[in-house]
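Q: I'm new to this one. Can you walk me through the side-chain contacts?
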Amino acid sequence: MDQTTQFIGLDIGKAQIEVFIPGTGDTLTIANTRMGLAALRRQLRNVPHAHVIMEATGGYERLAHETLTRAAIPTSVVNPVEVRQFIRAMGKRAKTDAIDAAMLAEFGRVRQPAPTPVPPAEESRLSELLLYRRQLIDERTRLTNQMPHFRDALVRRSAASRLKAIAADLEKIEASMMATVNASARLKGLFALICSVPGVGPISAITLLANLPELGCLTRRQIAALVGVAPFNRDSGGIKGHRAIAGGRPQVRMVLYMAALVAMTHNKILRTFKDTLVAKGKPKKVAIIACVRKLVTILNAIVRDGKPWPAEQTA
């Protein structure tokens, strides 16, 4: 990255965005709307070698990311946890939108992240459908757990009706996800490759398509670290700590964990791998995480090579 790059920090909020442009010594506030971002886009065209840094904020950053990237302004969407750690390391205790915007610009200058590409429309749709499906499942779990404690007849009928509505909504959401996959030749092919691995079901495959687009493009160590199943050393001086996983993408890790549990029964490669680790004295939980890591590296290789799981290796 050119040393003349000017990193612009954007602190994204629901209604407005705080913008820090180095050299101005201050921040400006714009509306988080198409009109506000159009004005920012025009202003940034006058900043030589501008590179925008913003945090992932659960969706509020999408419009800014898409608008600026499509205007050919390099834009990086960075991990909020890494930014918080960076701010603490810089000794900043105060927290305001203006300070956060300035620190995002400094984070960009120091870390120089690569621009984050805008995901294709079908992947964005899958991500939104998956998020809503997760929210419906959480609501269903909450209501199911509360049902035995409801005594009032009206409350029980209302809860039962809501559970039926949730079931119907889940059916529609899952049908829509499959329709989105089948409408894209690329996604349909990737879906078939991923589902060829015993233990990996449709929801797991769709989660990987939407939330792990790097699958098949990274090394096995990189993909394991990205998911959050790569063990890191915790050694200091003469103290040797246990290696532990950290970071990563929780939703991807969760579906791969469940897929690994199924695969350890129906996939003889992973079943043998787990049994070997347990026989060597590894705790069961450690063996399961190792199987998750092996599963994601297998999936990475299958997508990379474009070759499905061999039928003869299916239990």
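A: A term comes before the contacts: a salt bridge is a side-chain nitrogen of Lys or Arg within 4 Å of a carboxyl oxygen of Asp or Glu. This is a predicted model, where local features need pLDDT of at least 70 and side-chain atom pairs count only at pLDDT 80 or more, while totals for chains, interfaces and linings use all residues. Residues are numbered from 1 along each chain as its sequence is written, and side-chain values use heavy atoms, with hydrogens and water left out.

Q: OK, how many salt bridges are there by this rule?
A: The count comes to 13.

Q: Which residue does Arg133 form a salt bridge with?
A: Arg133 pairs with Glu174, and their closest N and O atoms are 2.9 Å apart. Arg133 lies in helix α5 and Glu174 in helix α6 (residues 153–182), so this pair ties together parts that are 41 residues apart in sequence. Helices here are DSSP runs of H or I with at least four residues, and strands are runs of E with at least two, numbered from the N terminus.

Q: And those two, buried or exposed?
A: Arg133 is buried, with a relative accessible area of 16%. Glu174 counts as partly exposed at 30%. Buried means under 20% relative accessible area, exposed over 50%, and partly exposed in between, with a 1.4 Å probe and protein chains only.

Q: What does Arg62 meet in a salt bridge?
A: The side chain of Glu128, at 4.0 Å from N to O. Arg62 belongs to helix α2 (residues 62–70) and Glu128 to helix α5 (residues 121–146), so the contact ties together parts that are 66 residues apart in sequence. Arg62 itself is partly exposed, at 36% relative accessibility.

Q: Which residues are linked in a network of salt bridges?
A: Glu55, Arg84 and Asp100. Elsewhere, Asp305 forms a salt bridge with Arg304, with 2.9 Å between the closest N and O atoms. Asp305 is partly exposed, at 43% relative accessibility.

Q: Switching topic. How many aromatic pairs does the structure hold?
A: It holds 1. Phe86 and Phe107 form that pair, edge-to-face, at 5.4 Å centre to centre and 90° between the planes. Rings of Phe, Tyr and Trp (its six-membered ring) pair if their centres lie within 6.5 Å; planes under 30 degrees apart count as stacked, over 60 as edge-to-face and the rest as tilted.

Q: Where do Phe86 and Phe107 lie?
A: Phe86 is in helix α3 (residues 80–89) and Phe107 in helix α4 (residues 97–111), so the pair ties together parts that are 21 residues apart in sequence. Phe86 is buried at 11% relative accessible area, and Phe107 is buried at 2%.

Q: What sits over the ring of Phe273?
A: The charged end of Lys294, 5.0 Å from the ring centre. A charge sits over a ring if NZ of Lys or CZ of Arg is within 6 Å of the ring centre and within 35 degrees of the ring normal.

Q: Last topic: how many disulfides?
A: The structure holds 0 disulfides, a disulfide being a pair of cysteine sulfur atoms within 2.5 Å. Cys195 is in none, and the nearest cysteine sulfur, that of Cys217, is 18 Å away.
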